[in-house]
Structures are given as structure tokens and as C-alpha cells.
Amino acid sequence: MSFKEINVTEINENFIKNIGDEWMLISAGDQNKYNMMTASWGFAGVMWGSPMAIAAVRPGRYTMEFLKEKDYFTLSFYGDDKKIHTVCGKESGRDVNKTEKTGLTPLFDEETNAPYFDEARLVLICKKVYVQDLDSSAFLDEDIKTKWYPNEDYHTMFYGKIEKALVKE
């Protein structure tokens, strides 16, 4: 099977459900070296007049290195099968070859070299336009800090302009 590029406005999906229930892979790097991680937090919508996706990544994640270094990242969705997310969410690419362990087939966007995988059903190729660390002093609800950040490892938010949307044909 191959992918077909569609206009991002043609996506008729519920991203709250997709990200929260289905989960996604955040991938960054290039053909020489890349990594991917499972994420169940993030956003998609319109910002600064463009379709935008926001990936939330904790500082200790290996994928963070690739996100900081590269101009593009991808968000990819795989349906309800959580097998790949078990590996990509619990194991580090520093320690294991996630591509081998999951059996995913890497592909690279022709224009940006951003990595994604042939097994995905939907891929968003995003150009990094803004990066911001969450500021602990900005939380108005202390319970969020207590529950989600007991180690004070606040997420970095990567805003990506969605430049391509790919769906399986």
C-alpha cells in the first residue's frame, strides 16, 4: 500500500480521540539516524493562520535530541493496535533498535527527509515553527503539577505547521 497526500482540511477525524485513545508516534531525524516515541498528549488545530500540531515531549526522551536538531517532525497514527506503542512508549532508542523490535518499515519524506512508517494510516509532516518549555510558575492548578510532574520534568511543546497530510490509499 502507498500513501496519498491530501489537503489537511480534508482530514475529518477527532484528534482528541486519535491522540488520547489511539495514540501516535512522534518521529524526528533523517535517513542516517532517527527515533520515534509514543505520545498520548498533544494538540491539532489552527494557530497563526496555519494548520498546526503541537507535540509535547519530556526532556529525558531520546526523541528530544532529534526534535531539537531537525526542522521537521512527523506525527503518525496506527489505529487501535497498541503493539508498537508498547515498545515506542516504554523502551528507549538509546538502548534498543525500535524499528527492528516493532517491525516498522521506515519511509522518509522526499522534500524534508522526515521519518515516518509504512504501517501508519495517517501521517502529518510538520515544520517546527515554535518551541517552548512549560513554565512551572504558569500553572494555575497546583494539582496538575503534583499529579503529572512530581519530578519537575516539564514538557517541551513543539509547534509544527502541518505541511503535508498523508493517508493510506
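The second largest pocket holds about 170 Å³ of space. Its lining has 9 nonpolar, 3 polar and no charged residues. The largest pocket has a volume of about 380 Å³, and its lining includes 4 charged residues. This is a predicted model.

**Second largest pocket**
- Strands β4 (42–47) and β5 each supply at least two of the lining residues.

**Largest pocket**
- The largest pocket is lined by 17 residues.
- Closest to its centre are Thr 38, Ala 39, Ser 40, Arg 61 and Gly 89.
- β3 (34–39), β5 (50–57) and α3 (83–90) each give the lining at least two residues.
- Helix α3 contributes the most, with 4 residues.
- By type, the lining of the largest pocket splits into 7 nonpolar, 6 polar and 4 charged residues.

**Asn 18**
- Asn 18 sits in helix α1, which covers residues 15–22.
- Asn 18 counts as buried because its relative accessibility is 7%, and buried means under 20%.
- Setting aside neighbours within four places in sequence, Asn 18 contacts Glu 13, Trp 23, Phe 77 and Arg 121.

Methods:
Residues numbered from 1 in each chain as written. Predicted model: local features only at pLDDT ≥ 70, side-chain atom pairs only at ≥ 80, totals over all residues. Heavy atoms only, no water. 1 Å grid on protein atoms, 1.4 Å probe; cavity = no way out; pocket = protein on both sides within 12 Å on 5 of 7 lines; lining within 4 Å. Points joined across faces, edges and corners; volume = space filled by probe spheres on them. Nonpolar A, V, L, I, M, F, W, Y, C, P; charged D, E, K, R; others polar. Buried < 20%, exposed > 50% of the residue type's maximum accessible area, 1.4 Å probe, protein only. Contact = heavy atoms within 4.5 Å.
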